[in-house]
Amino acid sequence: MIVISCMSKPSHCEKATEEINVVAQKLITNSESDLQLSYAKQRRSKSSVLLHKELDVRSNRAVRQYLVKVNQAIATLYARHVLALLLADWPVEAQMSEEALELNGASHMAYILDMLMQLEERLLWEKILQRVLKGCSQSMLSSLSLTACQFMEEPGMAVQVRESKHPYDNNANFEDKVHIPGAIYLSVKFDSRCYTEEGCDELIMSSSSDFLQDVHSFSGSPQKWSDFEIPGDTLYYRFMSDMSNTEWGYKFTVTGGHRGRFQTGFEILKQMLADVRVLSHLPVADIWEWQVGVACRQTGSQRLKAIHLLLRLLQCQCET
């Protein structure tokens, strides 16, 4: 794990990054809980496929050495699991310190939380975060908040747009995919004009090329086309129309999402700003300056999340 020293001030930004996607982004989605099992399943299957692939390309002599490295990696992950359980049951009255947790600096805690976010289910991770915030010393809280701000400067992911002819052709049978490397889920947003002949002309989407997993189908008036999220980095879609009657067609925007450091930083700060006891120990002015910079540099949903934190900071100032 590479831990970058916590910076006390954000880099200067004179002009906000222009939005390249004109489609409005959603700040909060309702499908987070529904995606957790799919995330976990995909992580397990991808890890298994990767391991089999690596073992297949190596000679028998090299396999033993490679397995030693794999075992070391698994041992490290297991150690982090143990740490997660310790943090979950840490006595409320006991204050955490860098020495007790053997951290490489106070900001190291943010990196551990980021690692745990990739491994744990959301509810357990939130419980661990609450325990950490209760046990952290004032200096650790300050460092954790600034490191979380640094995490939120992580660049956003690609956006791709797909659409049919307007209107589309009869007897269409078109199949394609959208691939965004590094994404752990894809967010799909439809144009408000989407319209096809109901029951006859249909757009089918799936996370698998055989169209058997995470299937979503759309046909009919604009009211029938609902935005959704799908696990994975690839969206497969197929459009079919019959021999008569056509409408406007379809157009959708796919945004790559990931539960990387930006999301970790956002979740840490959101929880910190919701805890009155923690709030009194935070460098609010510095967090404000960081978030203004993040809101200027980021685009889409990441910009909206930074603005969400800025509004929360204003609310906190009014409450105090």
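I began with the contact of helix α9 with helix α10: Val284, Ile287, Trp288, Gln291, Val292, Val294, Ala295 and Cys296 in α9 meet Arg303, Ala306, Ile307, Leu309, Leu310, Leu313, Leu314 and Gln317 in α10. Contact here means heavy atoms within 4.5 Å. I sorted the residues of this contact into 13 nonpolar, 2 polar and 1 charged. For that, Ala, Val, Leu, Ile, Met, Phe, Trp, Tyr, Cys and Pro count as nonpolar, Asp, Glu, Lys and Arg as charged, and the others, Gly among them, as polar.

I note that this is a predicted model, in which local features need pLDDT of at least 70, side-chain atom pairs count only at pLDDT 80 or more, and totals for chains, interfaces and linings use all residues. Residues are numbered from 1 along each chain as its sequence is written, and side-chain values use heavy atoms, with hydrogens and water left out.

Next I looked up the geometry of the pair. The axes of α9 (residues 284-297) and α10 (residues 300-319) come within 8 Å and cross at roughly 150 degrees. Axes are lines fitted to C-alpha atoms, for helices over the stretch in contact, and angles run from 0 to 180 degrees between N-to-C directions. α9 and α10 are therefore roughly antiparallel (angles over 145 degrees; under 35 is roughly parallel, 65 to 115 roughly perpendicular, the rest oblique).

I then turned to helix α6 (residues 138-151) and helix α7 (residues 261-274), whose axes come within 7 Å and cross at roughly 140 degrees. That makes α6 oblique to α7. On the α6 side I listed Leu141, Leu144, Ser145, Ala148, Cys149 and Phe151, which meet Arg261, Phe262, Thr264, Gly265, Ile268, Leu269 and Met272 in α7. The residues of this contact divide into 9 nonpolar, 3 polar and 1 charged.

I found 4 strands in an open, antiparallel sheet, in the order β1-β8-β3-β6. Strands pair if DSSP finds at least two bridges between them; helices (H or I, at least four residues) and strands (E, at least two) are DSSP runs, numbered from the N terminus. The edge strands, each pairing on one side only, are β1 (159-163) and β6. The twist averages 25 degrees from one strand to the next.

Strand β3 (residues 185-190) pairs with strand β8 (residues 251-257) over 6 bridges, and Tyr185 stands opposite Gly257 in β8. β3 pairs with β6 over 4 bridges, with Leu186 opposite Ile230. In β6 (residues 228-231), Phe228 and Ile230 point one way and Glu229 and Pro231 the other, and all are buried (under 20% relative accessible area, 1.4 Å probe, protein chains only; exposed is over 50%, partly exposed in between).
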